[in-house]
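Please look over the chain below before reading on. The report that accompanies it moves from the whole chain to selected elements.

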Amino acid sequence: MHRRLIVPGALGAAVLMLAIPASAAGHSPGAPGIGDPYYPAYGNGGYDVSHYDLRLTYQPATDRLEGTATLLARTTQDLSRFNLDFLLDVGEVRVNGAPAAFATSGEHELEITPKTPLAKDTPVTVVVRYSGVPSSKKAYGFTSWHRTPDGGIGANEPEAAWWWFPSNDHPLDKATFDVSVQVPDGTQVISNGTLQSTSSRLGWTRWNWRSDKPQATYLATLAIGRFDLTTGTTESGIPVVNAYSKDLGAHAGAARASVERTGEVADWLAGYFGPYPYNALGGYVPNTGTGYALETQTRPFYSPRQFTNGSNVSVVVHELAHQWYGDLVSVRGWQDIWINEGFARYAQWLWSEHEGEGTARELADYTYASHPADDPFWTVRPGDPGPDDQFHLAVYDRGALAVQALREAIGDEDFFTVLKGWPAKYAHGNASVADFRRYAEEVSGKPLAALFDTWLYEPVKPAASAARSASVASAATAEPASWKKIAATNGVHAH
Ligand SMILES: [Zn+2]
């Protein structure tokens, strides 16, 4: 049931009648989606959030989550009403202190009607009180909340927020976060950023996490369960907090042997991408049966299954590469996914080279040779793959081939300038594939439209240049040593 506020009595009605014609003129509802071509209902229009304050209580025994979200936002139009994206049960909404009417619609819309229409370009505070059992909620037939024997986890792409906090759920609207969650003593809470403090009282412990740099909503994560935490500091001085479920069983050693390399990998990536952009770093491995990993900001999520065959530092390289390519600079729309996945995969190729397990070029040649021209792999267009193929293998592998093709077209010097310059140019913002092409053209002074078209947009296998044919032919029989470990990360973002 959704409560609607009723203006009591005749006086209220009279005030309302006087108020509406004057103030509602020019005020209109915010759009129910932010305008993403793949996911028209994701995010919302009419405002921009700058901060989320989430103060929650979670009971692992029942998977019940309740509390208050306080959003600080600014209107971008005169608003009579606006939406948040959310699935849990809302008990009360306040806008600028006054109770607001609300209702649900669509798969995940929470429509909020403030008592007084909101003027364009003014600050707005939205308080949402809510509760619910996240694992009982589905949208479009699926859930991104993973129940574990000892708690639950919110981590998925592109949708994860709906199950644990109300938001403007699209990378175009980044914000800072304070995530404070109270759990029974003996249970741990993992989220993004810095652990500011914990405090215990009457059998409950409150964990206070802070992300003080803008973060996309899908990159916010919450994991509750029985975790061991490890701490350290990178050579460059970034504090590291990793967390491992106490119940990883046979995967425990390999998981730690991989994720404990986080500081080393981040410092190594900084050599290619520029200084690590955040003040916190780490990773966590919960007790879940999922198979994927995700670049949740500052603290990626890794499924235990990633470590079935022993340690896999390559998956750590992939998720940490996203801290620059995906998190610091995010997609403008989900069609720009190549900038995330092509470069995270290419970072794995560079790591392979670093480890002496095959050079980026050898991996490119082997990848190219392993897919014959009639392989449907080549029909996927990494530059605009469509929502159904957003996380297709081709976005990763053909995407990384495109990066290698760019490197060969502009030469190493300009290529590595682009690789490092891009995260700085669009830091904490959003950018598109076209923005990337323009930037690479600017740095190299070369027209690159044809190259981008060939490798990212044509639904056919690009021809190998004459110079490359011989090495491609020999590559077909020489699997690089790193191939299987890289391939083990192919499913990193599958639902
Ligand atoms: Zn990825």
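Predicted model: local features only at pLDDT ≥ 70, side-chain atom pairs only at ≥ 80, totals over all residues.

Residues are numbered from 1 along each chain as its sequence is written.

**Overall fold**

The chain holds eleven helices and 23 strands, where helices (H or I, at least four residues) and strands (E, at least two) are DSSP runs numbered from the N terminus. Its C-alpha trace spans about 85 × 50 × 40 Å along the principal axes. The radius of gyration, taken over C-alpha atoms, is compared with a globule rule of 2.2 Å times the number of residues to the power 0.38; for 495 residues a compact globule would come near 23 Å, and the chain, at 24 Å, agrees with this. Of the 495 residues, 48% count as buried, meaning that 20 or more other C-beta atoms, placed from the backbone, lie within 10 Å of the residue's own. Among contacts with a separation of 6 or more, 69% join residues 24 or more positions apart, a contact being two C-beta atoms, placed from the backbone, within 7 Å.

Buried in H3 are Thr262, Gly263, Val265, Ala266, Leu269, Ala270 and Phe273. Because they cover an arc of only 155 degrees around the axis, they lie on the same side of H3, the arc being that of the directions from the helix axis to the C-beta atoms. After H3 comes Gly274, with a positive phi near 95 degrees.

An unreviewed UniProt entry lists residues 310–455 as "domain: Peptidase M1 membrane alanine aminopeptidase"; such annotations may be inferred rather than shown by experiment. This span is 61% helix and 4% strand, and its end C-alpha atoms lie 34 Å apart.

**Strands**

Two strands pair if DSSP finds at least two bridges between them, and two such pairs are tabulated here.

| Strands | Sense | Bridges |
|---|---|---|
| E3 (residues 64–75) and E9 (residues 123–132) | antiparallel | ten bridges |
| E13 (residues 188–191) and E16 (residues 222–225) | antiparallel | four bridges |

Glu66 has Ser131 in E9 as its bridge partner, and Ser191 stands opposite Leu222 in E16. In E13, Gln188 and Ile190 point one way and Val189 and Ser191 the other, and all are buried.

Conventions:
Buried ≥ 20, exposed ≤ 12 C-beta atoms within 10 Å, placed from the backbone.
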